[in-house]
Each structure stands twice: as C-alpha cells, then as structure tokens.
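Keep the structure open beside you as you read.

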Amino acid sequence: MKWSGARIALLVLALAGAAIMGYLTSVHFAPEASSFCNLGEGLSCDIVNKSEYAEVLGVPLSILGLLYFIAIALAVTFRYRKETLRLVALGSIVFLGPSLYLSGIEYFVIKNICVFCELSKLVMIAIIGVAMVALRPARLSAGAIVGAVVVAALLGSAVFFIQRSGGPGDAYNEFAQCLDDRGFIMYGSLGCAYCARQRAMFDDAFEYIEEIECDPRYPDPQTERCVAKDIK
C-alpha cells in the first residue's frame, strides 16, 4: 500500500514514542538523579523511573514500551494493511491498560508525575485513533474492542499483583527497629529518586525509620539540620 497520510502519521507517532521510551530507559539506568523532565515539585521523571514501580519482574517498563513502539513502526513500514491496522489499534488498547495503572501509581502512590511517561500514553491514544480512522470504511467490532479492554484490565491487574507481591513486606521490621534504637536517621527528601528506592527496599518496615526532610519545597523540612550535617 502507498504511503498515505495515516501511514506516515502512525510511523511518526511510533518513532516519537520510541524516542520517549529510549530516553526514559536512559533515565532509569542513569547513575545520577537528574533528568531533562524534572520540572519541579511533583513533576519528576527520576522519582518515577527509578522507583520500584518502574519494573516488572526486573524488566524496566520503559524497555517494554520501547519494544512496543518499535513493533508498531516495523508493522506500519513493512506490513501496512487493514489487518495490521486492526492489530495496531487493539494491541495499543491492550497495552494502554498497564500504562493507565501506572498513571494511578504516579498520582496516588509516588505522588510525582513523569511528564514524558504521560506523553507516551497520549501517543498511544493517538495511534489508536489514527489506526481506527485509517480502517474506514471498515470498523473494529464492538466485541473486539470490549475484548481488548478486558485484556487491558487483566494486564493492569497482573502488574499490580506482581508488584504487590514483589516487596519484602514486613521482613525488615526487626532490622528497622534496631536501626532506630541505635539512633540511625535517614536524611532525604520526597523529591529524591534514590530515597524513594531506599524506602521501597524497607517496604512496610520503613515506618520504623526516622527520616528528615531536607528539601524546603516539601512538607516539614528541617533544612538547617541537613546543612549542619553537610547533606548535599
């Protein structure tokens, strides 16, 4: 088939999504806690992409997203046909399920928004829209759409249960209480990606750890105390 406007749009969207996911993968593995899309309080790609929620079974979600967008780009380039468009639209609906679950994690658990993560979801929605327009006059059946939504919900639930069962729970309670009894204190911040990872390593036991907020942008800071300890 010729390179129609819809085909070009799908390829551009897929390449844009792959670029975003490639960048988020680099953020995930970056040794330093800084990135282009750390835009201030509550808007940090670092905190989101270095959190325990950024992986499933040890695989960074950004890599899975990268593979998804590459697959879309290859399909549009080499196998552009009506059946491909159906698979692109339905497959994108399916993969949107876990993505929206992670948006909920950003809002309600991590309490930080990764702007590029959310942008990638908008790209996915755009891909679904363009693919469905390109299918005309054919349409996706209601049954196919409902089926894709159900699978999306199941995938989102699977990610939830995998991540829920992956932490140590209360296994470190005794250790954390011992640290607290000996006067150990964590100097950190809600805006620190590595602090978030440390909290995740303790999981439920972190309630026994005393943490000092060093960043004046977040609630109850004790900045002078952190400065006195030469906390960077």
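## Helices α3 and α4

Let's start with a pair of helices: the axes of α3 (residues 61-78) and α4 (residues 82-110) come within 11 Å and cross at roughly 165°. Axes here are lines fitted to C-alpha atoms, for helices over the stretch in contact, and angles run from 0 to 180 degrees between N-to-C directions. The two helices are therefore roughly antiparallel to each other, a label for angles over 145 degrees. The crossing of α3 and α4 is left-handed, that is, the near helix is turned anticlockwise from the far one by less than a right angle.

Which residues of α3 meet α4? Leu61, Tyr68, Ile72 and Ala75 in α3 meet Thr84, Val88, Ser92, Phe95 and Leu102 in α4. By class, this contact has 7 nonpolar, 2 polar and no charged residues. Nonpolar covers Ala, Val, Leu, Ile, Met, Phe, Trp, Tyr, Cys and Pro, charged covers Asp, Glu, Lys and Arg, and polar covers the others, Gly among them. Contact means heavy atoms within 4.5 Å.

## About the model

This is a predicted model, in which local features need pLDDT of at least 70 and side-chain atom pairs count only at pLDDT 80 or more, while totals for chains, interfaces and linings use all residues. Residues are numbered from 1 along each chain as its sequence is written, and side-chain values use heavy atoms, with hydrogens and water left out.

## Overall layout

The protein has 9 helices and 4 strands, arranged along the sequence as α-α-β-β-α-α-α-α-α-β-α-β-α. Helices (H or I, at least four residues) and strands (E, at least two) are DSSP runs, numbered from the N terminus. The C-alpha atoms fill a box of roughly 70 × 30 × 25 Å, taken along the principal axes.

Of the 232 residues, 41% are buried; buried means under 20% relative accessible area, exposed over 50%, and partly exposed in between (1.4 Å probe, protein chains only).

## Helices α1 and α3

Helix α3 also packs with α1: their axes come within 8 Å and cross at roughly 160°. This pair is therefore roughly antiparallel too, and the crossing of α1 and α3 is left-handed. By class, the contact has 17 nonpolar, 6 polar and 1 charged residues.

## Nonpolar cores

A nonpolar core is a set of buried Ala, Val, Leu, Ile, Met, Phe, Trp, Tyr and Cys residues joined through side-chain atoms within 4.5 Å. The largest one has 43 residues, and Leu10, Leu24, Phe69, Ile72, Leu85 and Ile127 touch the most other members. Helices α1 (5-29), α2 (45-49), α3, α4, α5 (115-135) and α6 (142-164) each supply at least two residues, and α4 gives the most, with 10 residues.

Leucine 85 touches Leu10, Tyr80, Ala131, Ala134 and Leu135, not counting residues up to four places away in sequence. A second, separate core of 8 residues includes Ala176, Leu179, Cys195 and Phe206.

Most residues other than glycine have a negative phi, and most peptide bonds are trans. Lysine 111, in the loop between α4 and α5, has a positive phi of about 60° although it is not a glycine. Lysine 111 is exposed, with a relative accessible area of 61%.

Aspartate 203, in the loop between α8 (193-202) and β4 (210-213), has a positive phi near 55°. Aspartate 203 is partly exposed, with a relative accessible area of 30%. The peptide bond from arginine 136 to proline 137 is cis, with omega near 10°, and proline 137 lies in the loop between α5 and α6.

Notes:
Angles under 35 degrees count as roughly parallel, over 145 as roughly antiparallel, 65 to 115 as roughly perpendicular and the rest as oblique.
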